[in-house]
Amino acid sequence: MRKKIVAGNWKMNKNFQEGVELAMSIQQRLNNYDGNCLVVLIPPFVHITKIRELIHHPKIKVGGQNCHDKPSGAYTGEVSAEMLNSAGADYVIIGHSERRQYYGETNQLCYAKINQALDNKLIPIYCVGETLEERKMNLTFRVIEQQMREGVLGLDGEDFKNIVIAYEPVWAIGTGLNATKEQAQEVHAFIRQQIENQYSREIAQDTTILYGGSCKPTNAVELFSQPDVDGGLIGGASLNTDDFVNIILANQ
Ligand code: PEP
């Protein structure tokens, strides 16, 4: 059975004290939660160790928003996968559209980062998704196929078993405009088929594929009800305890 996950990408929001407070209030609200959805809090790097220290809930993990593609060295301002792991992270987002857009991250760079993450026992959450122009030009499947092939499908099957995929249509991120459940399901099924073609039906069926893009308590139930949608990568709504917890509760 594949894992259900709701992950909260805080992006560059919340100072240290606010971040600790948010993590604690989410933990408190989930005190009696014994559902089968795993929760991943993905704060800015500097919050990770403290939040990891304060989390005692078996269903809550912590992740980083990015890591470098090299193990160590003269890369001022960067953070390695090993550092993240040693700071207490279990997960790391790779290839978020904001990193692709603002920092020029390519599929090839993502592949190198994913290898670093795996070498350091982190579970990569690899993000793929088309822009509005690409969707309008009917290029969605071509773009996703290439992001999958170049970014992650070069791994061997054993390594791929540790990958989480997030389908995040760029036009839906932070815009308030979510994909419909049909649009999400269609792309998730396509991604799962790519994985099956490359590896096996078993590996494809076991892969967690998250939806991201303006997911909120009001649309989470219908998005998560789709057979190939295993949860969400949540941006804006993960900064509010009530919204985030309600999204987690929607992932049955
Ligand atoms: C994201 O940044 O991964 C995201 C899905 O953002 P939002 O939920 O705010 O659209």
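## Salt bridges in the model

A salt bridge is counted here where a side-chain nitrogen of Lys or Arg lies within 4 Å of a carboxyl oxygen of Asp or Glu. In this predicted model, a search of the whole structure finds 16 salt bridges, among them the pairs R2 with D228, R149 with E145 and K161 with E158.

The side chains of R2 and D228 meet in a salt bridge with an N to O distance of 4.0 Å. Because R2 lies in the segment before β1 (4–9), whereas D228 belongs to the loop between α11 (217–224) and β8 (231–234), the pair ties together parts that are 226 residues apart in sequence.

Both R2 and D228 are buried. The two residues also take part in a network of salt bridges that links R2, R192, D228 and D230.

## A pair within helix α7

In helix α7 (residues 140–151), R149 and E145 are four residues apart, so about one helical turn separates them. The two residues form a salt bridge in which the closest N and O atoms are 2.8 Å apart. R149, at 43% relative accessibility, counts as partly exposed, and E145, with a relative accessible area of 23%, is likewise partly exposed.

Notes
Residues are numbered from 1 along each chain as its sequence is written. This is a predicted model: local features need pLDDT of at least 70, side-chain atom pairs count only at pLDDT 80 or more; totals for chains, interfaces and linings use all residues. Side-chain values use heavy atoms; hydrogens and water are left out. Helices (H or I, at least four residues) and strands (E, at least two) are DSSP runs, numbered from the N terminus. Buried means under 20% relative accessible area, exposed over 50%, partly exposed in between (1.4 Å probe, protein chains only).
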